[in-house]
Amino acid sequence: MHERQLLTYCLGKPGARKDEPWEGDVVAKVGDKIFAFLGTDSVGLKCGASRAEADELVFVYPDDVTASAYIGRYGWNRIALAGKVPDDEIRELVDQSYEAIVRKLPKSKRP
C-alpha cells in the first residue's frame, strides 16, 4: 500500500480530516483526536486497548510492526507499508483504530 492510497482511505471515514500538527507530520483525525499517524513508509495506529493486545500483531509480523514511540504503551503500533502486512489487514487496522477513537469522543462530537 502506498502513502497516498492510505491517506485517501483514512479520509474516506465519516468526519475524518487531514491535519499537520507538527511540521511535516501528517495525521488523520476524527473530531479533535488522531486515529492514524501517516508516514511515507509506515502508519501509526491504535491496535489494542493495551500494550498486551497490540503486541499480538507484533508477534505475527515482528519485522514490520513495532510499538510506537511514546504512545506504544497505550496500544499504538507503527506498521510498515511495504512489509508483509497485507493491504487488506492494514485497512482493517485503520478501521479498528478509527472506531476505537470515535468511541472515546463525546457523543456530540461523533460523526
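At 17% relative accessibility, Ala16 counts as buried (buried means under 20% relative accessible area, exposed over 50%, and partly exposed in between, with a 1.4 Å probe and protein chains only). Ala16 belongs to strand 1, where helices (H or I, at least four residues) and strands (E, at least two) are DSSP runs numbered from the N terminus. Between the C-alpha atoms of Ala16 and Val102, which are 86 residues apart along the chain, the separation is 10 Å. The model is predicted, and local features need pLDDT of at least 70, side-chain atom pairs count only at pLDDT 80 or more, and totals for chains, interfaces and linings use all residues. Residues are numbered from 1 along each chain as its sequence is written, while side-chain values use heavy atoms, with hydrogens and water left out.

Three aromatic pairs are present in the structure; for a pair, the ring centres of Phe, Tyr and Trp (its six-membered ring) lie within 6.5 Å, and planes under 30 degrees apart count as stacked, over 60 as edge-to-face and the rest as tilted. One of the pairs joins Trp22 and Phe37, which are stacked at 6.4 Å centre to centre with 15° between the planes. This pair links distant parts of the chain, with Trp22 in strand 1 (residues 16-22) and Phe37 in strand 3 (residues 33-38), 15 residues apart. Trp22 counts as partly exposed because its relative accessibility is 44%.

Phe37 also pairs with Trp76: the ring centres are 5.5 Å apart and the planes stand at 75°, so this pair is edge-to-face. Since Phe37 lies in strand 3 and Trp76 in strand 6 (residues 76-80), the pair ties together parts that are 39 residues apart in sequence. Both Phe37 and Trp76 are buried. Through these ring pairs, Trp22, Phe37 and Trp76 are linked into a cluster.

A ring also features in a contact with a charge. The charged end of Lys13 sits over the ring of Tyr98, 5.9 Å from the ring centre; the criterion is that NZ of Lys or CZ of Arg is within 6 Å of the ring centre and within 35 degrees of the ring normal. Lys13 is found in the loop between helix 1 (3-11) and strand 1, and with a relative accessible area of 16% this lysine is buried. Lys13 and Ala28 are 15 residues apart in sequence, and their C-alpha atoms are 9.7 Å apart in space.

The cysteines come next. A disulfide is a covalent bond between the sulfur atoms of two cysteines. With a cut-off of 2.5 Å between the two cysteine sulfur atoms, the structure holds zero disulfides. For Cys10, the closest cysteine sulfur is that of Cys47, and the 12 Å between them is too far for a bond. Cys10 is buried, at a relative accessible area of 0%. Cys47 likewise counts as buried, because its relative accessibility is 13%. Cys47 is placed in the loop between strand 4 (42-46) and helix 2 (51-60). The C-alpha atom of Cys47 is 5.6 Å from that of Trp76, a residue 29 positions away along the chain, which brings the account back to the aromatic cluster of Trp22, Phe37 and Trp76.

On a 1 Å grid over the protein atoms alone, a pocket is an open set of points where a 1.4 Å probe fits, with protein on both sides within 12 Å along at least five of seven lines, and lining residues have an atom within 4 Å of a point. Of the 17 residues lining this largest pocket, Asp25, Val27, Phe37, Ile71 and Arg78 are the closest to its centre. Strand 2 (25-30), strand 3 and strand 6 are the elements that give two or more residues to the lining. By class, the lining has 10 nonpolar, four polar and three charged residues (Ala, Val, Leu, Ile, Met, Phe, Trp, Tyr, Cys and Pro count as nonpolar, Asp, Glu, Lys and Arg as charged, and the others, Gly among them, as polar).

Tyr70 is exposed, with a relative accessible area of 76%, whereas Gly72 counts as buried at 3% relative accessibility. Phi of Tyr70 is near 70°, a positive value in a residue other than glycine. Gly72 and Leu45 are 27 residues apart along the chain, with 9.7 Å between their C-alpha atoms.
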